There are 2 protein chains.
Amino acid sequence: MGKTKTYCYGICLLISIALNILLSINLYVGGENNQRSLLTWSEKAAAEAEEVAAISCSGHGRAYVDGLVSEGQPVCECNDCYGGNDCSEFFHGCSADADSGDPVFFEPFWMQHATDSVVVTSGWHRMSYKYYKYVDSTTMSIELESYIRKLHSIAGNAITEGRYMVFGVGSTQLLSAAVYALSSENSSSPSNVLASIPFYPIYKDQTVLFNSENFQFEGDTNSWQSNNGTNNMDVVEFVTSPNNPDGELKKSVLGGKTIYDHAYLWPHFTPITGPSDHDLMLFTLSKLTGHGGTRFGWAIIKDKDIYEKFLNYIELADMGISKDTQLRVLKLLKVVVEGDGKPLFEFAYNKMRDRWDRLTTVFSKSTRFSIQQRHPLHCNFFNETRLPSPAYAWVKCEREDDDDCSAVLEAGKIIGRRGSRFSDKDRYTRLSLIKSQDDFELLLQRLTELVSLENGSIAKM
Amino acid sequence: MGKTKTYCYGICLLISIALNILLSINLYVGGENNQRSLLTWSEKAAAEAEEVAAISCSGHGRAYVDGLVSEGQPVCECNDCYGGNDCSEFFHGCSADADSGDPVFFEPFWMQHATDSVVVTSGWHRMSYKYYKYVDSTTMSIELESYIRKLHSIAGNAITEGRYMVFGVGSTQLLSAAVYALSSENSSSPSNVLASIPFYPIYKDQTVLFNSENFQFEGDTNSWQSNNGTNNMDVVEFVTSPNNPDGELKKSVLGGKTIYDHAYLWPHFTPITGPSDHDLMLFTLSKLTGHGGTRFGWAIIKDKDIYEKFLNYIELADMGISKDTQLRVLKLLKVVVEGDGKPLFEFAYNKMRDRWDRLTTVFSKSTRFSIQQRHPLHCNFFNETRLPSPAYAWVKCEREDDDDCSAVLEAGKIIGRRGSRFSDKDRYTRLSLIKSQDDFELLLQRLTELVSLENGSIAKM
C-alpha cells in the first residue's frame, strides 16, 4: 500500500511538474504583454485599426476603418480594374486610367514605416480653434512649421530663413489665397492673372470661379507679352516649376509679381540644383509624401504685408486648417526627415526612375507617339547628375491626322488628360505616372499593345 | 526509506501544486493581455498618446502630443490666467476672457468617453484624393454622411430625407460657398447679401474679402426693406437661428433666397420645437461636439442645381475636405448617436443650464447691466418645456453714459466682444459662455465683483 501511495505521489508529481512547465512557458511567452497592460483607452481603437489593416485584398485593394461596411466588416476597396470580395478578379479589357495625379505610389513606403507614421488622436485633442496663447498665428502648429523648415534645409529645395509661412487646404486653396494676396485692391484696375501654356487648369478655373473685382484671368503669358509688350501692367504670373503637365523647370516670362508653384520640386521628380529663393513659393504634402487626401499645403512668403494678406485670407475663409490634419502631417514629416530624408526620397526616386526607364523603352519603339525630352542635371540632394523623373508623361501624337491624341489613346484603352485641359493642343495628352503599381503596370501593358500595333491597324480599331 | 521517499514526494507535490496555483492565477490575471499581444505597429503611438494625456496640468491646462516640447517632454498648455510648469499658478487680477466662441466646455465629456472617441490613423490611410470609385461625390465619406443624417433624425432638428449634403471646412467655408451657390452669375446685377442686426460679423467680412462681381454685402435686412420695400430684387439673406450673438430664433425678413445658419440649433442651446425644413441649412461640428479645431461643417440642400454649384465650389476651392478630419468626425458622431444622443445632449444641456442659472442670479442683482430675455418652449428632444440656454450672453449697459459697454466691462476685468462687431450699438457686448470651466468661473467672479460695485464707485475705477 505504501508503494502504491508513493507510486501515486510520483505520478501526481510528474503531472504537476509538467503542468508547471507549461504554465511557465505561457507566462514567459505572455511576458511581453505585461508592459502592454499599461494601455487603457487607446487599445480598442488600435486593435481595430490593425485588424482592418490586416484584411487581405489580394494586393489589389485596401480595407479602411472608415470604409463601406458589409455584415459589420469593412469591405475591400479595389484598385481600378480589380473586383471581387478580395479584389482578386482582374477585369480583362479594362482601360488603364492615367488621368488623375493621385500620388498613391508612396503607399508601400508608409506601410514599411507603419510604427512611426501611425497617429493616435484622443477625443479631446485640440478642440480649441487656436493652438497657443500669446503667439501671432494661433491656427498653425509651431512644431509643424519648424519641421517644414527643417525639411527644406534637408532637401535643399527652398530658402526658408527669414521667411513667413502660411498653411492651406492643400496647395489648391493656396493658389487662390496667393492670387488674392498679390492682386490689386483697386477694383477699377483688376490685376491680370497669367500662366504659360501648357498650364495646370485650376489656375484658370479658380480665378473664373471667384470672379473677383480684384483680378481676372488673362491666359497665356507669351501671347499676352506679344500683345502688351513689356509695359508694366499689373500682372500676377503663375510659374510652375517643375511644370504640370510637362515637368519643365519654368522661369517667369513677364518678370512681374509671381507665384512659384513648387508642388513637384522634390528630389524624386527633379534634380535639386539649388534652393529656390522666390518671393512667394507654394508646396504641397500631396506630391511630397503621397497624402493627397490629407489636403495640406504651405506657402513660403518673403514680404510681411503679403504674408498678412495671405494669412488673413486663410483665417477668414476657413478659420485655419484642421488640427487633426496638422497632427498627422507632423507625424509624417518626422518620418520624412529621418536619415536626412534619404529613406523617403530614395524610395520615391527609385520608383519614379524605374517607371520612366520602362516607359521610355516602350516609347523608343514608337514613331507615332513621343514624350517630352529629359535633360540631366546635377542634384545637390543625391549629389550626382541625374535625369528628371517627372510625375507625368506629356505625350504627343506625331501623325498628322492624330490631332485628338486622347481619342487615339482611348481607342487603345488608355485614359489620359487631353492637352486642351492645359490650354494646349489636343495633339498632346498627359499620362499620370504616380498612381498605384497596378495602375502603372496596366498603363504600360496598354501602351505596349498600342505601340506594337503601329502599322496603321490602330486606325481600324 | 520508502517512508522518506513518500514524504519527500508529498512535500514536492505540495510545492508543485502550490506553484501550479500561482502560475494559474498569473495566467488568469494576465489573461486579458493575451489579446493585447495582437498589437504591433500601433502600440508605440498609443502608449505615447496615453502618456502625454496623463501629464498632470493641475486641471488648469493640457499637454498635447503635438504641443510645445521642453527637454523632450510636451509641456502643459495652461488655461487663461493660469501658469507655471503644471498650470497651478493663478494670475490674480487677470481679466476674464469671454470673447471667443471656443466651445471647450465639451472637453470633460470626451475625456469620459475616451475609449470610444480615440482615432487611430495608419500612415497609409486614405492617401487618395477620392474615397470611392463609381460614386458621385468622391471627396466625401458616405459613412459619415449617413451618420449625420442619423444624427438629425435623432435630434429632430432638421429634415434630411431627399436632401443633398456637402461638407466644408467648418461652417466658415460653407458661408461663402452658400453665397456663391445662391448668387447671380450675371455680373451686371450682383446679388445683394444681407443679414439682420445684430449678426455674425463673418457674413460681411467674407463677402467683402472675396469682392466678387456676383454679389455684394448690403447690410441690415430691416433698413434694406424700408429703403427698397418688398420689390423682388435679387437678395441672399442670412438667417441665423438661434442667432449669434443673442440666441433669438430668427425668421427670414425679406422672404427671398435664404441661408439658414443653424450652428446653434442643438438641444443644449435651444429647445427643439421641430425639424427645420429650409432650402439651404448650415451646421457645424464645433457647436455640436466642441471640436472647433477640427474645422468641419455641412450643408443640407434641397435643390439639385444649388447642390451642384455648392459642391463645385468646395471641390474647386479646396479639392474637398481632409480625409483625416472626416475620419475623426465619423468616430465622434458614432459616440454622439449612442443612446439616441442622450449622453452628449444631456451633458451639454446640464452644463449650459447650470451656467445660465448662475449667470442670471448675478444679473438679477444688477440694474446697470441686463441680459437677453429667454422664453420657455417645448423641446421635442427632451420632451419637456425648457428655457433656452444660449452660447452667449448679450449684455446691455443700461446707464445713459455707459454707451461703450465693452469699455465698462473691461474696466471690471471682463473681455467681451463689442456690439459694433455685430453691426449693433456698443451699448451691447457679447459674453461667451461655452469656454472652459476655468474661464466661466473667472467670468462669474468678475461679474459678481462688478455688480457688487453698483453704487457709482465703478465710475472711479
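So, salt bridges across the interface: the rule, a side-chain nitrogen of Lys or Arg within 4 Å of a carboxyl oxygen of Asp or Glu, finds eight of them between chain B and chain A. One of those pairs Asp116(A) with Lys44(B), side chain to side chain, at 3.0 Å, N to O.

Quick housekeeping. This is a predicted model, where local features need pLDDT of at least 70, side-chain atom pairs count only at pLDDT 80 or more, and totals for chains, interfaces and linings use all residues. Residues are numbered from 1 along each chain as its sequence is written, chains are lettered from A in the order in which they are written, and side-chain values use heavy atoms, with hydrogens and water left out.

Okay, how much area do the two chains bury? About 10,300 Å², with 57% of it on carbon and sulfur atoms; that's accessible area, 1.4 Å probe, lost on putting the two parts together and summed over both. Chain B puts 116 residues into the contact and chain A puts in 115, where contact means heavy atoms within 4.5 Å.

Now the strands, which are DSSP runs of at least two E residues, numbered from the N terminus. E8 of chain A, residues 119–121, pairs antiparallel with E8 of chain B, residues 119–121, over three bridges; pairing takes at least two DSSP bridges. In there, Val119(A) sits opposite Thr121(B).

Chain B goes onto chain A by a 180° rotation with 0.0 Å of shift along the axis, RMSD 0.0 Å, fitted by least squares on C-alpha atoms with pLDDT of at least 70 in both copies. So the two copies are related as by a two-fold rotation axis. And the same surface serves both: 99% of chain B's contact residues recur in chain A.

Note on methods
Helices (H or I, at least four residues) and strands (E, at least two) are DSSP runs, numbered from the N terminus.
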